[in-house]
Amino acid sequence: MGIVGSGAQAQEAEKPSLAEEFSRASDEYGVPQELLRAMGYVNTLWEMPPPDASPYEPGDLHGRGAYGLMQLQQNPSKDTLGRAAQLTGLTEEELKNDRAANVSGGAAVLADIAGEDKPSDLDGWFDAVAEYGGTPLYAEQVYETLKSGASGITSDGEKLELTPREGVETKSGAVSKAAGQYGGSTWYGAHPNNYYEGRTYRRETYDIDKIVIHVTQGSWSGSLSWFQDSRAGSSAHYTVRSSDGKIGQSVREGDTAYHAGHWYTNLQSIGIEHEGYVSAPNRWFTDAMYRSSARLSAYLAKKYRIPIDRNHIIGHGQVPGCPGTGGGVSCHTDPGSGWNWDKYMSLVRSYAGAGGGGAPSPYTQTVDNASPRFEASSRWIASTFRQAQSYGTNHRVLRTPLSFDDNAKFKLRAPARDKYSVYARWPADAGYNYRTTFLVRGLNGWNKVVRTQRANGGKWVSLGDYTFPAGDSYKVQVSSRSPVNGYIVADAVKIVRR
C-alpha cells in the first residue's frame, strides 16, 4: 500500500482517487464495486473521518469504536478492524488512518464473511452486508442506497457517483417495521442493558423537562444497531436520518435512555440523535433532518410541557458533568458550532404553534442552485441581479437560449413511491425568458411545463403534481432551449409529498 515518491508533493501527486481505491479493492477481493461504494456512502458520505471521531469508550453514546470510511469496528462485541488486519497484512493503525487501506480492509472482511462461494448477484450479498454492519437494518440502508443511487463531491474535490441499480431488493421481513410512539417513527428497540426502565430513582419520580440534541458520529443504522448491542451501555430515545428525516425509536419515552453522560439529566430528558459527523455539518445537517427533528421536538415539548427555549432544548455539550469543556462525563461538544440553533428553535416554535404534535407534516425537500444537488455547465452563470427575489444568495442565468441540450438539473429525493407537488422559484425581470421550459421526470417519463420568468418573482410557482418512484435522481431540469429570446433562470425547486 506504499506510495512511491520523494516528499509530500510526490506522495500527493501519486495518491489514487477514491474511485480507483474502490476498483482495486473490488478486483482484489471479488466484492462488487457498487456495493463497496454504497457502504462507504452510508457510512460516511465517502469521507475518511479521523480515528478519534468515534473510538470505543465504555458507556459512551458515540463510542462504537468505528474507524474510517468503511467503519471497521473494534469494541467488546466486534473486531472487524483486527480481522481486516489479519486478512490484509496491514497494521491496525494503517487501517484506521489510510483511506486506501481502510477500503481494502472493508472489502477483505466482507469477502471473508461471504466465503469462498461468493454470491452471483447483488441481492445475494444482503446477509453478508448485514453481518458486516451488525444488523439487517444496516444492510437495508445500504440496499436503499443501491436502489436510489448517490453522488457527491468529496472534501478533496473528487466527484463520485453511484448509478441506481434497478431490481435490487432487500430481504422481506429482515427488518422490523413496528411503529414507534411518535407518529411516523419506526421502532428499533434498544437492548435492555442499555436503558433504565421508568423514571423513578430512589423513590423519587422525575418529570421530563429537557430535550438533548446529539450527533451520532456515524450512520443512522450504525447507531440504532449499537443501541441493540448488549455491551453498548448507551442509547438514545430517537435517531433522525440525514437524507430524508426518517426517525427510528430505540427507547420508550417513559424509560430512561443512557445518552447524556449525566444520570440526573438522563432521568429528566429525551435524547435525540442526528445522523452525521460534527466535523461536517454542511454535508449531514440537511433541511429534511432539521425539519423532521423539529417536528419531533415540538411534539415532545407539547406532550411533556417542556418550555421551548435554549435552557430546556439543549445540546449534548451543555449537559453537566464535564470537568473541563463540553458536556457529560465524556465532555462531548455535539451538536457543535455547525448546528443552526436559530433555525432549529424557530422551526420547533413554528411546529408547536401550528399543532405540531402527533403525525409529521408532509415531506418537503428544497434544492437551491448553490447546493451540491444542483448541476449545470459553465454557461449557466451565477447572478445576484434581483437578489431579493432569489431563494438563496444568487441564481443562475443562461444568457441566450441554445439549439442543443445543456440543461440545469436539480437532484431530489423521494422517500417513497407517492404523489408529489413540484414547485420552482425564480427572480422576475422584463429581460427574462417568457417561455421557459421545465422538465419533470415522473413515473411515466419526462413532462414539459412552460412558465414565464417575467412574472411571479420570488414566489413558489407550481409545476404540477407527479408520481415519483422512491429514490434520488435529477427529477427536475430547466431546459436550455426556448423559441424566444431572454435570459433563462435556474434558481431553486422543491417537492412536497401530499
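Me: Which residues in H9 are buried?
Reply: In H9, the buried residues are Trp 220, Ser 221, Gly 222, Ser 223, Leu 224, Ser 225, Trp 226 and Phe 227. Buried means under 20% relative accessible area, exposed means over 50%, and partly exposed lies in between, with a 1.4 Å probe and protein chains only. Helices are DSSP runs of H or I with at least four residues, strands are runs of E with at least two, and both are numbered from the N terminus. This is a predicted model, in which local features need pLDDT of at least 70, side-chain atom pairs count only at pLDDT 80 or more, and totals for chains, interfaces and linings use all residues. Residues are numbered from 1 along each chain as its sequence is written, and side-chain values use heavy atoms, leaving out hydrogens and water.

Me: What caps the N-terminal end of H9?
Reply: Ser 219 does, with a side-chain oxygen 2.9 Å from the backbone nitrogen of Gly 222.

Me: And Gln 217, where is that?
Reply: Gln 217 lies in the loop between strand S10 (210-213) and H9. Its phi is positive, about 55 degrees, although Gln 217 is not a glycine. Gln 217 is buried, because its relative accessible area is 13%.

Me: Where is Trp 46, and what is its phi?
Reply: Trp 46 is in the loop between H3 and S1. Trp 46 is not a glycine, yet it has a positive phi of about 65 degrees. With a relative accessible area of 2%, Trp 46 is buried.

Me: Moving to H2 and H3, at what angle do they cross?
Reply: The axes of helix H2 (residues 18-29) and helix H3 (residues 33-44) cross at roughly 130 degrees and come within 9 Å. Here axes are lines fitted to C-alpha atoms, for helices over the stretch in contact, and angles run from 0 to 180 degrees between N-to-C directions. H2 is therefore oblique to H3: angles under 35 degrees count as roughly parallel, over 145 as roughly antiparallel, 65 to 115 as roughly perpendicular, and the rest as oblique.

Me: Which residues make the contact?
Reply: H2 contributes Ala 19, Phe 22, Ser 23, Ala 25 and Ser 26, while H3 contributes Gln 33, Leu 36 and Arg 37. Contact means heavy atoms within 4.5 Å.

Me: What about H4, which of its residues are buried?
Reply: In helix H4 (residues 80-88), they are Thr 80, Leu 81, Gly 82, Ala 84 and Ala 85. These buried residues pack against strands S1 (66-67), S2 (72-75) and S3 (78-79), and against helices H5 (92-97) and H6 (99-114). Just after H4, Gly 89 takes a positive phi of about 80 degrees.

Me: Is Asp 244 buried or exposed?
Reply: Asp 244 counts as buried, because its relative accessibility is 11%. Asp 244 sits in the loop between strand S11 (238-240) and strand S12 (247-249).

Me: What does its side chain make a polar contact with?
Reply: The side chain of Asp 244 makes a polar contact with the side chain of Arg 241, at 2.9 Å. A polar contact is a pair of N or O atoms within 3.5 Å; within protein, one must be able to donate a hydrogen and the other to accept it, and residues adjacent in sequence count only if both atoms are side-chain atoms. A polar atom of the Asp 244 side chain also lies 3.1 Å from the backbone nitrogen of Lys 246.
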